[in-house]
Amino acid sequence: MDFLAERKINEDLLRPLRRTSLGFFLLIAFLGSIILTGFGAWIYQMWNGLAVAGIRWPIFWAFYITNFVFWIGISHAGTLISAILRLVNATCGVR
């Protein structure tokens, strides 16, 4: 492959990254604010203790184990649905 063809391929692949819109920066700001909010909540919990998350007598598992079990259940359900669709050779109906 010559240099010009390689350069054309690189330009075609990188074009969306070099031309960003205002919406992109608004999305980055929104997602950054979510991360900062989570970090602030974590700092608040570390400052005030784990009781903020419900970790106290008599229920020590509290929010974290409940959240973990919920997301594991969601992922298992997705795997099960995918396996069932694979077993019955389901298609989307688009030809």
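Residues are classed by relative accessible area, with buried meaning under 20%, exposed over 50% and partly exposed in between (1.4 Å probe, protein chains only). The model is predicted: local features need pLDDT of at least 70, side-chain atom pairs count only at pLDDT 80 or more, and totals for chains, interfaces and linings use all residues. Residues are numbered from 1 along each chain as its sequence is written, and side-chain values use heavy atoms, with hydrogens and water left out.

**View 1. The aromatic pair of phenylalanine 24 and phenylalanine 25.** The structure holds three aromatic pairs. Rings of Phe, Tyr and Trp (its six-membered ring) pair if their centres lie within 6.5 Å; planes under 30 degrees apart count as stacked, over 60 as edge-to-face and the rest as tilted. In this view the ring centres of phenylalanine 24 and phenylalanine 25 are 5.3 Å apart and the planes stand at 75 degrees, so the pair is edge-to-face. Phenylalanine 24 has a relative accessible area of 37% and is partly exposed. Phenylalanine 25, at 49%, also counts as partly exposed.

**View 2. The aromatic pair of phenylalanine 70 and tryptophan 71.** Here the ring centres lie 5.0 Å apart with planes at 75 degrees, so this pair is edge-to-face. Phenylalanine 70 is partly exposed, its relative accessible area being 46%. Tryptophan 71 reaches 52% relative accessibility and therefore counts as exposed.

**View 3. Glutamine 45 in helix H2.** Helices (H or I, at least four residues) and strands (E, at least two) are DSSP runs, numbered from the N terminus. Helix H2 covers residues 22-48 and includes glutamine 45. With a relative accessibility of 8%, glutamine 45 counts as buried. Its side chain makes a polar contact of 2.5 Å with the side chain of tyrosine 64. A polar contact is a pair of N or O atoms within 3.5 Å; within protein, one must be able to donate a hydrogen and the other to accept it, and residues adjacent in sequence count only if both atoms are side-chain atoms. When neighbours within four places in sequence are left aside, glutamine 45 is in contact (heavy atoms within 4.5 Å) with Leu50, Ala53 and Tyr64.

**View 4. Helix H3 and asparagine 89.** Helix H3 comprises 26 residues, 62-87, and spans 38 Å from its first C-alpha to its last, close to the 38 Å expected at 1.5 Å a residue. The expected span is 1.5 Å times one less than the number of residues. Asparagine 89 is found in the segment after H3. Its phi is near 50 degrees, a positive value in a residue other than glycine. At 64% relative accessibility, asparagine 89 is exposed.
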